[in-house]
Amino acid sequence: EAYITPQTLATMAYHGYLEKEGIPGYSTFASEFIQGKITGEKVVEAAVKGCLLSDKYGVASHSDYSEDVEQQIRSLVQMNR
């Protein structure tokens with residue numbers, strides 16, 4: 001995919017779509033995010049590595065995109081506490 005919205009990517013990561021790339025799902029995802037082990041940048045890197053997200057147009061390497069993903073993750077983790 002050339003572009004996945006930050007909200008969609010955060011949700012996919014939370015639901016375990018990036019486990020093969022080293023990003024655990026659900027409660028482990030939430031606790032590792034709170035501990036700082038998972039960041040928006042790491043999720044974006046894992047999505048590129050796992051071919052969920054393409055960096056063909058530079059979206060994945062743009063810091064605003066990683067920050068938006070992190071903000072969406074933060075909201076998701078707070079909602080699921």
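Is Tyr26 buried, exposed or partly exposed, and at what relative accessibility? In this predicted model, Tyr26 counts as partly exposed at 43% relative accessibility, where buried means under 20% relative accessible area, exposed over 50% and partly exposed in between, with a 1.4 Å probe and protein chains only.

**View 1. The ring pair of Tyr14 and Tyr26.** Rings of Phe, Tyr and Trp (its six-membered ring) pair if their centres lie within 6.5 Å, and planes under 30 degrees apart count as stacked, over 60 as edge-to-face and the rest as tilted; by this rule there are 2 aromatic pairs. The centres of Tyr14 and Tyr26 are 5.6 Å apart and their planes stand at 65 degrees, so the pair is edge-to-face. Because Tyr14 belongs to helix H1 (residues 6-14) and Tyr26 to helix H2 (residues 26-34), this pair ties together parts that are 12 residues apart in sequence; helices are DSSP runs (H or I, at least four residues), numbered from the N terminus.

**View 2. The ring pair of Tyr14 and Phe29.** Tyr14, buried at 9% relative accessibility, has its ring centre 5.8 Å from that of Phe29, with the planes at 85 degrees, so this pair is edge-to-face. Phe29 counts as buried at 0% relative accessibility.

**View 3. The aromatic cluster.** Tyr14, Tyr26 and Phe29 form one cluster.

Residues are numbered from 1 along each chain as its sequence is written, and side-chain values use heavy atoms, with hydrogens and water left out. In this predicted model, local features need pLDDT of at least 70 and side-chain atom pairs count only at pLDDT 80 or more, whereas totals for chains, interfaces and linings use all residues.

Note on methods
Helices (H or I, at least four residues) and strands (E, at least two) are DSSP runs, numbered from the N terminus.
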